[in-house]
Amino acid sequence: MSNKAAKIGLSGVVLATAFGVLLYSSLGESLQYYKYVDEVMAEPAAWHAKNLQVHGIVVRDSISQKPDSPLEWRFDIQRNGKVLRAYYHGVVPDTFKADSEVVLTGTMDERGFHATEMTAKCPSKYDAAPVGPSVQSTPAPSGGA
C-alpha cells in the first residue's frame with residue numbers, strides 16, 4: 001500500500017513541477033510589475049531591463065518633442081517628490097498634457113524609462129458633477145385675463 005502512495009506522490013510532484021516550468025516559460029517574459037514613480041526611484045537599478053508599468057503625474061513644462069520627429073516624446077513624471085525621465089515613441093493620447101495622470105508600459109535603463117505604451121487621463125474630465133440643484137426653476141408668470 002505504501003508503494004502505491006509513493007508512486008502517486010511522486011507522480012504529483014513531477015506533474016506539479018512540469019506545470020510550473022511550463023507556466024514560467026510561457027508567461028515569464030510577459031509578466032509585468034505595476035509600480036508608482038516613487039517606488040521605482042527608491043532603487044532604479046533594480047528595475048533595469050524588467051517589463052514594468054509606471055504610474056505618475058506629468059511634470060509641468062517637461063514635455064518636449066524632437067523637431068525632426070514629431071512622434072518622439074520626452075517628459076518627466078513624478079509622485080511624492082520623486083521624478084523619472086520618460087521617453088515615448090508614438091501618437092500620444094488626447095488627454096496627455098502637463099499635470100495629467102499617466103501609466104507607461106516599457107523598460108528602465110540608466111537614461112530613464114522607455115515606454116512602448118501610454119495611457120493618460122485628465123483628472124478634470126472625470127470629476128463628479130457638483131451636487132445640488134442643477135436647474136433653477138423660475139416662477140410661472142401670473143396672468144390675468
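**Close-up views of a predicted protein chain**

Strand 3, strand 4 (69-79), strand 5 (82-89) and strand 7 (112-121) each contribute at least two residues to the lining of the largest pocket, where strands (E, at least two residues) and helices (H or I, at least four residues) are DSSP runs numbered from the N terminus. This is a predicted model, in which local features need pLDDT of at least 70 and side-chain atom pairs count only at pLDDT 80 or more, while totals for chains, interfaces and linings use all residues. Residues are numbered from 1 along each chain as its sequence is written, and side-chain values use heavy atoms, with hydrogens and water left out.

View 1. The largest pocket holds about 180 Å³ of space, a volume being the space filled by probe spheres set on grid points that are joined across faces, edges and corners. The lining consists of Ser64, Gln65, Lys66, Glu72, Trp73, Arg74, Tyr87, Tyr88, His89, Arg111, His114 and Ala115. These residues divide into four nonpolar, four polar and four charged, with Ala, Val, Leu, Ile, Met, Phe, Trp, Tyr, Cys and Pro counted as nonpolar, Asp, Glu, Lys and Arg as charged, and the others, Gly among them, as polar.

**View 2. The loop between strand 2 and strand 3.** Ser62 lies in the loop that runs between strand 2 (52-58) and strand 3 (64-66), and Asp61 is placed in the loop between these strands too. Ser62 is buried, with a relative accessible area of 13%, whereas Asp61 is exposed, at 76%; buried means under 20% relative accessible area, exposed over 50% and partly exposed in between, with a 1.4 Å probe and protein chains only. A polar atom of the Ser62 side chain lies 2.7 Å from the backbone oxygen of Val59. Leaving aside residues up to four places away in sequence, Ser62 touches Arg74, Phe75 and Asp76, a contact being heavy atoms within 4.5 Å. Asp61 has a positive phi of about 65 degrees although it is not a glycine.

**View 3. Ile57 in strand 2.** Ile57 has its place in strand 2 and is partly exposed, with a relative accessible area of 27%. Not counting residues up to four places away in sequence, Ile57 touches Asp76, Ile77, Gln78, Asp99, Ser100 and Glu101. Ile57 and Val102 are 45 residues apart in sequence, and their C-alpha atoms are 6.1 Å apart in space.

**View 4. The loop between strand 5 and strand 6.** Asp99 is found in the loop between strand 5 and strand 6 (101-109), and the place of Ser100 is likewise in the loop between strand 5 and strand 6. Ser100 is buried, with a relative accessible area of 0%, and its side chain reaches the backbone oxygen of Lys97 at 2.7 Å. Asp99 is partly exposed, with a relative accessible area of 34%, and has a positive phi of about 70 degrees although it is not a glycine.

Conventions: Polar contact = N/O pair within 3.5 Å; in protein donor to acceptor, adjacent residues only side chain to side chain. 1 Å grid on protein atoms, 1.4 Å probe; cavity = no way out; pocket = protein on both sides within 12 Å on 5 of 7 lines; lining within 4 Å.
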